[in-house]
Amino acid sequence: MNLFTLENEFLKITLSDFGASWLSCVVKMPNEEREVLVTTDAKNWQKQTAFFGATIGRYANRIADAKYSLNGKTYHLPKNNGENNLHSGPLGADKVLWSLENQSPQAVKFSYIFADGEQGFGGEVKAFVEYQLVENELKIIFDATSDQDTPLCLTNHAYFNLQGSENILEHQLQLNAEKYLPVDASGIPNAPLKEVAGTSFDFRKAKKIGQDLLADEDQKAVKGYDHAFQLAKSSENLTACLSVDDLKMELYTTMPAIQIYTGNWLKGQPNLNGGEHNDYAGIALEPEFFPNSVNQPELLQFGGITKAGESYHHWIGYRFSL
């Protein structure tokens, strides 16, 4: 496991080739240097099971019954989340060593080749993840090609806590999203996209994360927010804004949806201080295609399959300001 640092007057970013992971994000505040990722140290990195800051792939989120059919063939995947496949299985992109493609003072690019049949998926996929630091923004760029049609959905699984507090329930969250996707207790979509208006899922205006936490059955099924939202914008517009009194983070992405996960099951994960995190210690904002889209045509229309030889290109931008 090798570590890489990107640093300027605003941010200090630590990366690792294990899982092409984002290990640390220190914001240089007027009177302190503040760690804003919910994370652990390098020695505990392979013990944690929360996907801290890792690149997720080749298909992020859940696939029902750990199988999908494509071009007349059924593919069977590892069941690592009950009867379902989560984040591509126990040896997904987050659990493998990526190669260093190139490095400069303000950018690091990793590469990995997913073999045909790896974790049950069809097609050889050549994937690249590049981290670029530009002033007060970290940009993550995902590029890939496959020699066969294949499910492909790469994202980053960083958790944020902008004030180092015990939990993120007092954080303000705003989402440019008018619909969310209901799920069952295992996180599999079980109803059509639903308007956020009049529900606890309405973050069109900023509100505290804890304000409506566990306020309805959709949330209670998964112990909080762990749902995909359909983004109502183009990549030039703001996707999400997370803020506390003295710091905010704006997120931009080319993806059509974002999974909001309020760290409902973080209790017991190792922290930076030799102790453990608690539930709701951080929030993951995961731009992606919709979960189980490979098995649900109404969701697949938004993306999820990359055709043979087709270029896969998406990015996420995280912009920090006082």
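Trainee: Why is Phe302 called partly exposed?

Mentor: Its relative accessibility is 24%. Buried means under 20% relative accessible area and exposed over 50%, with partly exposed in between (1.4 Å probe, protein chains only), so Phe302 counts as partly exposed. This is a predicted model, in which local features need pLDDT of at least 70 and side-chain atom pairs count only at pLDDT 80 or more, while totals for chains, interfaces and linings use all residues. Residues are numbered from 1 along each chain as its sequence is written, and side-chain values use heavy atoms, with hydrogens and water left out.

Trainee: How do you know that Gln296 is buried or exposed?

Mentor: Gln296 has 13% relative accessibility, so this residue counts as buried. Gln296 is found in the loop between strand E25 (283–288) and helix H2 (297–300). Helices (H or I, at least four residues) and strands (E, at least two) are DSSP runs, numbered from the N terminus.

Trainee: What makes the link between the side chains of Gln296 and Asn292 a polar contact?

Mentor: The distance is 2.9 Å. A polar contact is a pair of N or O atoms within 3.5 Å; within protein, one must be able to donate a hydrogen and the other to accept it, and residues adjacent in sequence count only if both atoms are side-chain atoms. Gln296 also touches Ile188 and Pro189, leaving aside residues up to four places away in sequence; contact means heavy atoms within 4.5 Å.

Trainee: How many aromatic pairs are there?

Mentor: The count is 19 aromatic pairs. Rings of Phe, Tyr and Trp (its six-membered ring) pair if their centres lie within 6.5 Å; planes under 30 degrees apart count as stacked, over 60 as edge-to-face and the rest as tilted.

Trainee: Why is the pair of Tyr180 and Phe229 called tilted?

Mentor: The ring centres are 6.3 Å apart and the planes stand at 45°, so the pair of Tyr180 and Phe229 is tilted. Tyr180 is in strand E18 (residues 177–180) and Phe229 in strand E21 (residues 226–231), 49 residues apart, and the pair links distant parts of the chain. Tyr180 is buried at 1% relative accessibility, and Phe229 is buried with a relative accessible area of 1%.

Trainee: Why is the pair of Phe290 and Phe302 edge-to-face?

Mentor: The planes are at 65° and the centres 5.3 Å apart, so this pair is edge-to-face. Phe290 lies in the loop between E25 and H2 and Phe302 in the loop between H2 and strand E26 (305–306), so the pair ties together parts twelve residues apart in sequence.
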